[in-house]
Amino acid sequence: MPVAIDLSGKTALVTGASRGIGRATAEILAASGARVAVNYRREDGAAESFVKETRAAGGEALALAGDVGNPEEARQLVRDVVAAWGRLDYLVNNAGIWEEDEAGSGRDLDVWDRTFAVNVRGAHVVTDAAIPHLARERGAIVFVSSTAGQRGEARHSAYAASKGALISYTKSLATELGPRGIRVNCVAPGWVETDLTAAAFSDAETRAGIERTIPLGRAARPGDVAGTILFLLSDLARHVHGEVLNVNGGSVLVG
């Protein structure tokens, strides 16, 4: 018999939550009873629509503009959540960018700087601001990494390196924050059907080639990753700590 996950009374902040994995995560957390703050950088309409839909269903939600690549804006996200609801139980570090770079071109330094500013430093700044509140509530953190961080990705080495850094950061924080009552875990999705991958999936031949590399025969939907994040935040995973949970349909078999 299914076990319902009830997050009533809990508060969550999801970065990069206007679309894709972030949006699906916000939706499933809200459906489980949590108050959810969704961070966005540009797409205010999408974030506000989530807030409207959540409130119409009887839930509580906030839309928070902010570029996590800007340290002050990243810290402000946490301040805004605590000011609104007085607590923070869960943090999902999902905000990230994916840009192409080419080794040896001499033109990729800006891509590396932008990628690490958002994907790594941004996640660190938000996390650092959140830790005092999460410790008080004995909360949980989930980082969204990628299979690229486990095996690399040609022409996207900055992205792959940043996602690998999140895996190492997860393990470091798990050791440090466990004694403070904060659980820290990570998900590593493979191919997911989002706006970022729309161009690749729009070509039938390319899509077929991608799906042949996935033993389950299809790319993930955002909800597949969101459900895993919900589990890691919930008490069902209360003894799961410092883990990298792969959500890739079997395409990269690492443990």
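Arg 138 lies in the loop between H4 and S5. Helices (H or I, at least four residues) and strands (E, at least two) are DSSP runs, numbered from the N terminus. This is a predicted model: local features need pLDDT of at least 70, side-chain atom pairs count only at pLDDT 80 or more, and totals for chains, interfaces and linings use all residues. Residues are numbered from 1 along each chain as its sequence is written, and side-chain values use heavy atoms, with hydrogens and water left out.

**Exercise 1. Describe the backbone and exposure of Arg 138, then do so for Arg 155.**

Step 1. Take phi. Arg 138 has a value near 55°, positive in a residue other than glycine. Most residues other than glycine have a negative phi.

Step 2. Take exposure. Arg 138 has a relative accessible area of 60%, so it counts as exposed (exposed is over 50%, buried under 20%, partly exposed in between; 1.4 Å probe, protein chains only).

Step 3. Turn to Arg 155. This residue sits in the loop between H5 and H6. At 54% relative accessible area, Arg 155 is exposed.

**Exercise 2. Characterise the largest pocket and the second largest pocket.**

Step 1. On a 1 Å grid over the protein atoms alone, a pocket is an open set of points with protein on both sides within 12 Å along at least five of seven lines; a cavity is a set where a 1.4 Å probe fits but cannot get out; lining residues have an atom within 4 Å of a point. Points are joined across faces, edges and corners, and a volume is the space filled by probe spheres set on them.

Step 2. Size the largest pocket. Its volume is about 1100 Å³. Its lining has 41 residues, with Gly 96, Trp 98, Tyr 159, Thr 194 and Leu 196 nearest the centre.

Step 3. Sort that lining. It holds 16 nonpolar, 16 polar and 9 charged residues (nonpolar: Ala, Val, Leu, Ile, Met, Phe, Trp, Tyr, Cys and Pro; charged: Asp, Glu, Lys and Arg; polar: the others, Gly among them). H1 gives the most, with 3 residues.

Step 4. Move to the second largest pocket. Its volume is about 210 Å³. Of its 15 lining residues, Arg 138, Gly 139, Gly 181, Arg 183 and Arg 238 are the closest to its centre. Its lining divides into 4 nonpolar, 4 polar and 7 charged.

**Exercise 3. Which residues line the largest cavity?**

Step 1. Take its volume, about 30 Å³.

Step 2. List the lining: Thr 15, Val 68, Asn 93, Ala 95, Val 118, Gly 122, Ala 123 and Val 126.

Step 3. Sort by class. There are 5 nonpolar, 3 polar and no charged residues. H4 (residues 109–137) gives the most, with 4.

**Exercise 4. Is Thr 11 buried or exposed, and what does its side chain touch?**

Step 1. Thr 11 is in strand S1 (residues 11–14).

Step 2. Check accessibility. Thr 11 is buried because its relative accessibility is 0%.

Step 3. Find the partner. The Thr 11 side chain makes a polar contact with the side chain of Arg 35, at 3.2 Å. A polar contact is a pair of N or O atoms within 3.5 Å; within protein, one must be able to donate a hydrogen and the other to accept it, and residues adjacent in sequence count only if both atoms are side-chain atoms.
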